[in-house]
Amino acid sequence: GTLNWSVTDDGTTNGAADSYMITQTSSITYTVVNALSLHAAMPPSAITVAEDSANSTAVTLGMSGLAYTPGPTNESSQVLTYTITAIPSYLALFKSDGTTAVNVNDTLTLAELQGLKYKTLADANGTGTLNWSVTDDGTTNGAADPQTLTQTLSITVTAVNDVPVQTGT
C-alpha cells in the first residue's frame with residue numbers, strides 16, 4: 001500500500017496570499033511470515049519409575065492429550081510432521097502396540113505420537129528427556145519456510161538395589 005500526505009504553508013508574497021503545497025508518497029510493504037506451530041494442549045507430566053519396573057510390558061507415556069495447530073487461521077492448511085529427536089539411553093520406545101520400535105529420527109503421525117509407550121532397559125537408570133519436534137510445511141512469499149517447535153518429556157528411571165548373584169559353587 002501507499003501512504004500519501006501533503007504539507008501546505010500559509011505564506012504570502014508581496015502582500016498577496018501565496019501558499020505552496022508539497023505532496024509526498026511512501027510505499028508500505030506487508031510481508032507474510034510463516035508462524036511457529038502452536039501447541040494446543042497441556043504437555044505430558046514428567047515420569048519417574050524404578051529401574052526394571054517396565055521391562056516386559058510397554059507402558060504409556062501419557063501423551064494422549066497432545067494436540068497441535070499449524071498456527072494462525074491463515075495457516076490452517078499446513079501439514080505438520082512429528083519427529084522423535086532424542087530417546088534416553090535407559091529405555092526403549094514403542095508405538096501403541098507395545099512391539100513396534102520407535103527410534104531417533106523416526107517420523108510419526110499425531111496419533112502415533114499420542115500413543116507412544118516405553119519399556120525400561122534391564123539394570124539401566126538415569127534422568128533425561130524424550131524429545132520430539134513438530135514441523136510445519138509453511139511458506140513465506142512463495143519460498144519454503146518451515147517452522148519447528150521442539151517439545152520434551154522428562155523421564156527418570158531410579159536405581160534399585162539388586163539381589164546379590166552367586167557366581168561360584
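Student: Which residue in S14 does Tyr 82 stand opposite?

Tutor: Val 134 in S14 stands opposite Tyr 82. Before we go on, this is a predicted model, where local features need pLDDT of at least 70 and side-chain atom pairs count only at pLDDT 80 or more, while totals for chains, interfaces and linings use all residues. Residues are numbered from 1 along each chain as its sequence is written, and side-chain values use heavy atoms, with hydrogens and water left out.

Student: What makes S9 and S14 a pair?

Tutor: Two strands pair if DSSP finds at least two bridges between them. S9 and S14 have six bridges, running antiparallel, so they pass that test. The names come from DSSP runs, numbered from the N terminus: helices are H or I with at least four residues, strands are E with at least two.

Student: What is the strand order of the five-stranded open sheet?

Tutor: The order is S6-S17-S14-S9-S12, and the pairing is mixed. Its edge strands are S6 (47-50) and S12 (107-108), each pairing on one side only.

Student: Back to Tyr 82. What kind of aromatic pair does it form with Tyr 68?

Tutor: A tilted one, with 5.8 Å from centre to centre and 50° between the planes. Ring centres of Phe, Tyr or Trp (its six-membered ring) must lie within 6.5 Å, and planes under 30 degrees apart are stacked, over 60 edge-to-face, the rest tilted. So 5.8 Å makes these two a pair, and 50° makes the pair tilted. This is the one aromatic pair by that rule. The pair links distant parts of the chain: Tyr 68 is in S8 (residues 68-69) and Tyr 82 in S9 (residues 80-86), 14 residues apart.

Student: How do you know whether Tyr 68 and Tyr 82 are buried or exposed?

Tutor: Buried means under 20% relative accessible area, exposed over 50%, and partly exposed in between (1.4 Å probe, protein chains only). Tyr 68 has 9% and Tyr 82 has 8%, so both count as buried.

Student: Where does the charged end of Lys 119 sit?

Tutor: It sits over the ring of Phe 94, 5.1 Å from its centre. That label needs NZ of Lys or CZ of Arg within 6 Å of the ring centre and within 35 degrees of the ring normal.

Student: What is the order of the four-stranded open sheet?

Tutor: S7-S13-S10-S11, with antiparallel pairing. S7 (59-60) and S11 are the edge strands. S7 is joined to S13 (residues 117-120) by two bridges, and Thr 60 has Lys 117 as its bridge partner. Four bridges join S10 to S13, where Leu 91 is partnered by Thr 120.

Student: Which residues touch the most other members of the largest nonpolar core?

Tutor: Leu 61, Leu 113 and Trp 132, out of 26 residues. Such a core is a set of buried Ala, Val, Leu, Ile, Met, Phe, Trp, Tyr and Cys residues joined through side-chain atoms within 4.5 Å. S17 (148-158) is among the elements giving two or more residues, and its four residues are the largest share.
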